[in-house]
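Please look through the sequence and the model shown here, and then follow the explanation, which begins with a pair of strands and ends inside the core.

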Amino acid sequence: MGSKVFHAIREDILNGKYKANEELKEKAIGDELGVSRTPVREALRQLELEGLVHIIPNRGAFVEGVSLKDLKEIYEIRTLLEGLCARWAAEKIKKEQLDALEETIFLTEFHCSKGNFDQMVEQDNRFHQILYDACDSKELTRVLKDYHHYLQRIRKVSLEDADRAKASALEHKRITEALGAHDPDAAETCAREHIRNTISNMNRIGWENLWK
């Protein structure tokens, strides 16, 4: 129960339902989720540890949220961590994981040709989840999955750009080829380039337009 409440509130913060500095009222949230105030209170404490909520004694819990500065920093950090992930994955990846990555690329290209943006985002998520699992590091996977979830909203807007979606699929293909060759240097280089190109695209569109 507590985990479901935590994820529900976090999702509402990340998708913009709750705005920065907005008060999160335990009773109202509990009523909406059909739970008592206790699991809501526990979830808010967890969210404070994540930096998404700020609790002021005797006043309540308020949304800290994710700022544009936070987003830019997360992407810069991801450039390094995604590279490390791909490097480790190149040494440890299994055949079934490579097959799954290739399937996501095929499906991404198909949905891109049809303009099915929601399905493209879904396949992009799947690609990265497989890659994270392939690196075989619990700690690195945990950090990257958290970052990936934080960026869900902004990534969806970015991938609605057809040119960027096609380029992203091609970059995924290059990463997968490097992984299939078990070439750690090439895998790391391709993964870092993928994130840098994503940052460049967001700079072109304008971060403020992506995070409304």
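H54 stands opposite F62 in strand 3, where strands are DSSP runs of E with at least two residues and helices are DSSP runs of H or I with at least four, both numbered from the N terminus. Strand 2 (residues 53-56) pairs with strand 3 in the antiparallel sense over four bridges; two strands count as paired if DSSP finds at least two bridges between them. In the hairpin that these strands form, three residues lie between them, and N58 takes a positive phi near 70°.

This is a predicted model, in which local features need pLDDT of at least 70 and side-chain atom pairs count only at pLDDT 80 or more, while totals for chains, interfaces and linings use all residues. Residues are numbered from 1 along each chain as its sequence is written, and side-chain values use heavy atoms, with hydrogens and water left out.

Strand 3 (residues 60-63) is also joined, by two bridges, to strand 1 (residues 23-24), and these two run antiparallel; here L24 stands opposite A61.

L24 leads on to the largest nonpolar core, which has 53 residues, and L24 is among those that touch the most other members, as are I9, I13, L44, L47, Y75 and L179. Such a core is a set of buried Ala, Val, Leu, Ile, Met, Phe, Trp, Tyr and Cys residues joined through side-chain atoms within 4.5 Å, and buried means under 20% relative accessible area, exposed over 50% and partly exposed in between (1.4 Å probe, protein chains only). Leaving aside residues up to four places away in sequence, L179 touches A86, A89, A90, I93, L98, L101, L131 and A187, contact meaning heavy atoms within 4.5 Å.
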